[in-house]
Amino acid sequence: LHSLPLLGRGKVRDNYAVGDDKLLIVTTDRLSAFDVIMGEPIPDKGRVLNQMANFWFEKLGHIVPNHLTGVAPETVVAPDEAAQIAGRAVVVKRLKPILIEAVVRGYLAGSGWKDYQASGAVCGVKLPAGLRNAEKLPEPIFTPAAKAEFGEHDENISFDEAAERVGKEVAERIRALSIQLYREASDYAATRGIIIADTKFEFGLDDDGELVLMDEVLTADSSRFWPADGYRVGENPPSFDKQFVRDWLETQTWNKTAPAPRLPDDVVAR
Ligand code: C5P
């Protein structure tokens, strides 16, 4: 886009300034997992993610305010750029980001499963003994992660560490809101045959110091979605998200100077 100042490119999203108090976020088709941006975009991925996030922002809006402004994205760019951003952009409030990732887990997967195997706990939350891979937890748990600088892995931290970073009151409120958002979303998804195994929320503070839900919400990049009818405790479920990319990357070694990796055709076909 040439009509707005570019503030920065994330791994998947590009952010442009709209005046002093708003941003245009464009969700690109880039595919990223861990700290790697893959060499090949997925056509229309950005549109699908943006629609998923907008769906959930609306559905969950009664729980916590979100960053959407309602300003139509095509009205803030030059007319010849409207097609380029169609369906993949939102105009949002500029917020002060809170530097923790608010992860909620209803099932044991990913780093939750790894941490549980190593210590019987995830982010300091002690869990019952004998749980298996992909097992449903007795209650959803809040397992924050520290947002890392670009190129570093995020690190799971305890609630107390999160409270040290952002203040106890804010951390408690984020925990309560995140669990409420997860519960309501997973109840809804269950009516559609989908298990939301886990997900990540991000919050910011507005000028009045109010917590606002931001970034992406319950997309296939920020969540694990399992088909209820393909789910077996103890097995890696088929996952309607980017888990296959993480699984493949974990079998690879790469370094930052190497060209971006491309998924082999047989992995894509799965
Ligand atoms: O990898 P891990 O098991 O810690 O991820 C837990 C959940 O948080 C997953 O749904 C994942 O998609 C999400 N997550 C994320 N961004 C990160 C880390 C985790 O969206 N940087």
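User: By class, which residues make up the shell around the ligand?

Analyst: The shell has three nonpolar, six polar and five charged residues, where Ala, Val, Leu, Ile, Met, Phe, Trp, Tyr, Cys and Pro count as nonpolar, Asp, Glu, Lys and Arg as charged, and the others, Gly among them, as polar. This is a predicted model, in which local features need pLDDT of at least 70 and side-chain atom pairs count only at pLDDT 80 or more, while totals for chains, interfaces and linings use all residues. Residues are numbered from 1 along each chain as its sequence is written.

User: Which of the 14 residues around the ligand come nearest?

Analyst: A residue is near a molecule if its C-beta atom, placed from the backbone, lies within 6 Å of it; here Gly 110, Ser 111, Asp 198, Lys 200 and Ser 222 come nearest.

User: How should I read the open sheet of four strands, and what is its order?

Analyst: Strands of a sheet pair through backbone hydrogen bonds, either parallel or antiparallel. Strands are DSSP runs of E with at least two residues, helices runs of H or I with at least four, both numbered from the N terminus, and two strands pair if DSSP finds at least two bridges between them. In this sheet the order is S1-S2-S3-S6, with antiparallel pairing. Strand S1 (6–9) and strand S6 (89–93) stand at the edges with a single partner strand each, so one side of each is left without a neighbour in the sheet.

User: How many bridges join S1 to strand S2?

Analyst: Three bridges join S1 to S2 (residues 13–18), and the two run antiparallel; Gly 8 stands opposite Asn 15 in S2.
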